[in-house]
Amino acid sequence: MAVLLAACSTAEGSGVRAVPVQAPVAKQAGAPACTVTSRLIPSCGAWWGMAPEVFTGASVEQALHGAESRMGAPADVLHVYHRGSELFPTETEIRLARDPARPRLLMINWKPSLDRTWAEIAEGALDARIDRLAGHLRQTFPERFFLTLHHEPENDVDPGSGSGMAATDYAAMFRHVVLRLREKGVRNAVVVMTYMGAPNWAAKSWFEELYPGDDVVDWVAMDPYADDRVADFDGLVNKTRKEYPDWPGFYRWMQARFPGKPVMVAEWGVFERPKDRSFKRRFFESALKQIKRYPQIKALLYFDSPQAPRGDTSFDSDPGADRAFTELARDPYFRSTPVPRP
């Protein structure tokens with residue numbers, strides 16, 4: 001076994017402890033090595049990642065090291081969130097990405113503005129902000145990274161005439177930001193379009209109008225959560241509802257709609273069920289058994305939070321869940337392609 005050195009905080013103070021971590025899977029002699037494409041697609045298995053210890057008040061570094069320590073395995077992808085005029089990646093995020101012992105990919109989730117409409121952004125209202133960000137990226141971070149813009153737009157859509165927040169306005173905003181970044185020299189952003197993954201929104205008449213176009217989207221993503229109507233991993237990535245009989249489920253839809261694009265589960269979480277304390281354990285066990293049924297899923301990023309908006313998604317709230325999650329995180333399917341070094 002390899003050993004991960006993780007920072008940990010205790011009542012007595014902070015320190016460093018050794019955490020057993022499954023070593024990368026060894027390749028048989030003569031077997032082709034697993035590689036990574038320019039769009040960050042792993043040739044073997046899928047990336048394992050997370051948004052760690054969200055809403056706990058921990059710094060991103062403390063949160064990541066804490067989560068990696070708790071699950072006894074490293075993350076391939078660190079999911080972080082930025083808003084408005086914030087510049088990214090930060091010094092800390094860059095340091096974590098370039099960790100010589102364990103490099104990581106960054107999945108940066110950016111909402112360009114909380115007070116401008118999508119239409120205003122598409123018309124150039126934030127061009128100075130975009131240009132400033134482009135300059136920062138050029139100067140500080142030449143490595144490839146994942147970038148998603150205003151993720152989960154469905155519940156922000158206002159189809160009213162002149163709202164500036166119609167589905168077509170979102171697509172125009174997305175296109176404008178990506179093309180502006182490219183025009184200003186940012187060529188290392190691997191762009192992700194992130195949907196909510198909920199059937200009720202997918203059934204809206206404007207749903208297809210959200211998509212900004214193949215030329216500005218490299219990956220497609222969903223953010224599904226295991227609520228009380230989801231039993232296992234299959235049901236998570238292919239949620240259906242009897243109220244929407246024509247909706248096939250997100251993975252099936254993505255297979256048909258985007259056959260040439262990799263799929264990311266950019267957020268997924270399992271909520272506590274007070275009357276069924278073994279549910280998280282069983283769910284993580286189902287993910288281990290069922291993930292290989294979805295070869296187009298090339299990244300699986302957990303949303304780890306004891307106080308997510310709709311409940312506790314921390315993976316170790318129960319000893320059985322903790323063991324099952326650790327087994328999932330250490331599975332060779334997620335350990336077969338090494339993260340490229342800077």
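**A first look**

Guide: This is a predicted model. Among contacts in the protein chain between residues at least 6 apart in sequence, 77% join residues at least 24 apart.

Visitor: How many helices and strands are in the protein chain?
Guide: The chain has 10 helices and 11 strands. Its radius of gyration is 20 Å, close to the 20 Å that the globule rule gives for 342 residues, so the chain is as compact as a globular protein of that length.

Visitor: What does the C-alpha trace span along its principal axes?
Guide: About 55 × 50 × 50 Å.

Visitor: And what share of the residues counts as buried?
Guide: 56% of the 342 residues. The protein chain exposes about 14700 Å², and carbon and sulfur atoms supply 51% of that area.

Visitor: New topic: charges. How far apart are the mean positions of the positive and negative ones?
Guide: They are 4 Å apart, with 43 positive and 44 negative charges in the chain.

Visitor: Let's zoom in on Asn238. Where does it lie?
Guide: Asn238 is in the loop between helix H7 (233-237) and helix H8 (250-257).

Visitor: Is Asn238 buried or exposed?
Guide: Buried, because its relative accessibility is 9% and the cut-off for buried is under 20%.

Visitor: Which residues does Asn238 touch, leaving aside neighbours within four places in sequence?
Guide: Asn238 is in contact with Pro248, Gly249, Phe250, Tyr251, Arg252 and Tyr294.

Visitor: What does the side chain of Asn238 reach at 3.1 Å?
Guide: The backbone nitrogen of Tyr251.

Technical notes. Residues are numbered from 1 along each chain as its sequence is written. This is a predicted model: local features need pLDDT of at least 70, side-chain atom pairs count only at pLDDT 80 or more; totals for chains, interfaces and linings use all residues. Side-chain values use heavy atoms; hydrogens and water are left out. Helices (H or I, at least four residues) and strands (E, at least two) are DSSP runs, numbered from the N terminus. The radius of gyration is taken over C-alpha atoms; the globule rule is 2.2 Å times the number of residues to the power 0.38. Buried means under 20% relative accessible area, exposed over 50%, partly exposed in between (1.4 Å probe, protein chains only). Contact means heavy atoms within 4.5 Å. Accessible areas come from the Shrake-Rupley method with a 1.4 Å probe; for residues, only the protein chains shown count as cover. Lys and Arg count as positive and Asp and Glu as negative; His and the chain ends are not counted. The place of a charge is taken as NZ of Lys, CZ of Arg, CG of Asp or CD of Glu. A polar contact is a pair of N or O atoms within 3.5 Å; within protein, one must be able to donate a hydrogen and the other to accept it, and residues adjacent in sequence count only if both atoms are side-chain atoms.
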